[in-house]
Amino acid sequence: MYKIRTNRGEIFETHGETLLQVLQSHAIYLPASCGGKGICGRCKLRIVEGKSKTSSFFGISEDEKKLGYVLACQTYPESDIIIEVPEKLITVTERISAAKLWLVEKPFKDNPSLFEPLVKKVSLKIEPPTIENSKADFENIRQTLNKKISISRKLVSLLPEFLRKNKWQITVVLTEKEIIDFIEPDTKLYGVAVDIGTTTVAIALIDLEEGRVIDIASCYNSQISYGDDVITRIIYAVENKNGVDILRKCIVDDINALINTVFMKHRDGKILYVTISANTTMAHIFWGINPKYIREEPYTPVLNHYPVWNAAQAKLLIEPNVPVYTVSSVAGYVGGDIVAGILASQMYLQEEISLFIDIGTNGEVVIGNKQWLVTASTSAGPCFEGSGISCGMRATSGAIESFSYNKNSDSFKIKVIGDMPPSGICGSGMIDIVSELFSEGIIDQKGKLIKGFSQWIKEVNDEQRFIISENCYITQADIDNIIRAKAAIYAGISTLLEEVGISEKDISKVYIAGGFGEFINIKKALKIGMLPNLPENRFQFLGNTSLAGAILCTLSYQLRETAEEIADKMTYIDLSRSKKFMDEYISALFLPHTDWERFKELS
């Protein structure tokens, strides 16, 4: 037995397990898309001190080896050791799950007949062949099912032994058209819903028989290494040899790692259906389709409605013929993630006019009701999801999620997710900080920190910072970045409203989506001019609606059809060609806005 100490202060014991297994048993999840076989090279970490034995260094360079990097899945301690846990971990979190459950439960409570997964488990009692009736095995199954159905070559090769081993009583998993697996009768059927965000990736493991979400996990999108937004990734894909394949491998590895993480806790079943929800560029890259023309005028995707391909074609490490459904897109810059969001919000069923805002890297906006839907996209950037900010992070343990400042005492209070010392700032915390500092005169209308107004303003390396803790701060560049992001969101909303000829006051409900959406303080978001100046009771937080919509599509054939109808119904407006948008954006680059009248009652 040896002790493992991490650079974060945790101490664990090992009894012959690999480092990966030890960390997983203590809810520290490294990416490991190969399931710990040592062939993906993603679970690397650094051994700072102590002896260990590593059987494979796949994906680790000679320079990294000299620094002490190993594959956690291939490394066994041979003494007490100290390890450095990587920053990019998979997060398995009830926080995300709680925000989604009512969204994915409500449609089925209102209409139980909606529950109809694409794959079903059917138990069959087959009549054994005889000399008099020597019907072929697969024809025998077809006759028992009383329907024409296909089967893969791999499965049909397993069929004769499986039938006879189980004495002609078998359980099959099938879609409307195909048998996709043979299973034991007590094997649970699982589906996976995937949200591929530009900055983060999230999945939900779903019980397809009971219609409930079992587990949720998320991680950063590894494509961040090749650019923060979809434009830079399209450029990378186009200008680099095998660029699409490289970006595709990043996202497929992320999804496989997430699937492996949640499935290791639920090995009583099989994953037999997958739904992908993503913006148009991410969906193209996931399927290995070059997104080149999404960036070039007239910004055309290769396709908006995707065939139902399979897991082998998707390169997912599950049964190869598992169906993989992709939520339909609307246009080059409004994807299936927004269609899934509209499905989850149910605004497409309402008479009243609603506004849907997805606060993510792309900042999509939809306005409408059951008669019409109009949409646009504006590049907000990834700052609210933790990228591009000095101490930015996702809304996970250690993130500052709220901030309040007292000018009289020049002091502040913070709330940290997990009630621990802060290690970064998530999106809701960023909004709070800028709002509070502006309200108390620490930053001016242009967002500039005013020297001498607070003891917490320090100059470090010729850079103004507001210091929150020893390792957590916000810089002048960070504040500028946040203001640009909020300006893009507000300008997109105001431009779209003008295009359809309605005012803010005509909006009955504002749905706010996004990974951190439910934790935004509305008053503070209004203070910085990020959202329409409407009464607080008109705003409703929905969290990650892309994932919620993907879950609904996984559980219901009818809702999948509805999602495709929503995509066809939406009218897309291209803001990049709008002078009005640029004027609105420039006006919104102030706190709260250059037009003070719009927000005067908030002062």
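Is Ser-377 buried or exposed? Ser-377 is buried, with a relative accessible area of 15%, because buried means under 20% relative accessible area. The model is predicted.

**Nonpolar cores**

- The largest nonpolar core is made up of 93 residues.
- Val-274, Phe-286 and Ile-342 have the most contacts inside this core.
- Helix H7, which spans residues 243-263, gives the most to this core, with nine residues.
- Another core, of 66 residues, lies apart from it, and Ile-493, Leu-531, Leu-575 and Phe-599 are among its members.
- Beyond residues up to four places away in sequence, Val-274 touches Val-192, Val-194, Leu-316, Ile-318, Val-322, Pro-323, Val-324 and Tyr-325.
- In soluble globular proteins, nonpolar side chains tend to be buried together.

**Cavities**

- Searching the whole structure turns up two cavities of 30 Å³ or more.
- The second largest cavity holds about 40 Å³ of space.
- Its lining consists of Val-230, Asn-279, Thr-280, Thr-281, Gly-332, Tyr-333, Asn-362 and Glu-364.
- By type, the lining residues of the second largest cavity are two nonpolar, five polar and one charged.

**Ser-377**

- Ser-377 is found in strand E21, residues 373-377.
- A polar atom of the Ser-377 side chain lies 3.2 Å from the backbone oxygen of Tyr-333, and Tyr-333 also belongs to the lining of the second largest cavity.
- With neighbours within four places in sequence left aside, Ser-377 is in contact with Tyr-333, Val-334, Asn-362, Gly-363, Glu-364, Tyr-572 and Leu-575.
- Among these contacts, Asn-362 and Glu-364 also line the second largest cavity, while Leu-575 is one of the residues of the 66-residue core.

**Ser-328**

- Ser-328 sits in the loop that runs between strand E18 (323-326) and helix H11 (336-345).
- Ser-328 counts as buried because its relative accessibility is 2%.
- The side chains of Ser-328 and His-305 are joined by a polar contact of 2.7 Å.
- Apart from neighbours within four places in sequence, the residues in contact with Ser-328 are Asn-304, His-305, Gly-335, Gly-336, Val-339, Glu-564 and Ala-567.
- Ser-328 and Asn-256 are separated by 72 residues in sequence and by 22 Å in space, C-alpha to C-alpha.

**Lys-524**

- Lys-524 belongs to helix H14, residues 522-527.
- Lys-524 has a relative accessibility of 13%, so this residue counts as buried.
- A polar atom of the Lys-524 side chain lies 2.8 Å from the backbone oxygen of Phe-403.
- Lys-524 also touches Ser-404, Ile-431, Asp-432, Ser-435 and Glu-436, not counting residues up to four places away in sequence.

**Leu-103**

- Helix H3, residues 94-110, contains Leu-103.
- Leu-103 is at 2% relative accessibility and therefore counts as buried.
- Leu-103 and Ile-251 lie 148 residues apart in sequence and 26 Å apart in space, C-alpha to C-alpha.

Note on methods
Residues numbered from 1 in each chain as written. Predicted model: local features only at pLDDT ≥ 70, side-chain atom pairs only at ≥ 80, totals over all residues. Heavy atoms only, no water. 1 Å grid on protein atoms, 1.4 Å probe; cavity = no way out; pocket = protein on both sides within 12 Å on 5 of 7 lines; lining within 4 Å. Points joined across faces, edges and corners; volume = space filled by probe spheres on them. Nonpolar A, V, L, I, M, F, W, Y, C, P; charged D, E, K, R; others polar. Core = buried A, V, L, I, M, F, W, Y, C linked by side-chain atoms within 4.5 Å. Buried < 20%, exposed > 50% of the residue type's maximum accessible area, 1.4 Å probe, protein only. Helix = DSSP H or I, 4+ residues; strand = E, 2+ residues; numbered from the N terminus. Contact = heavy atoms within 4.5 Å. Polar contact = N/O pair within 3.5 Å; in protein donor to acceptor, adjacent residues only side chain to side chain.
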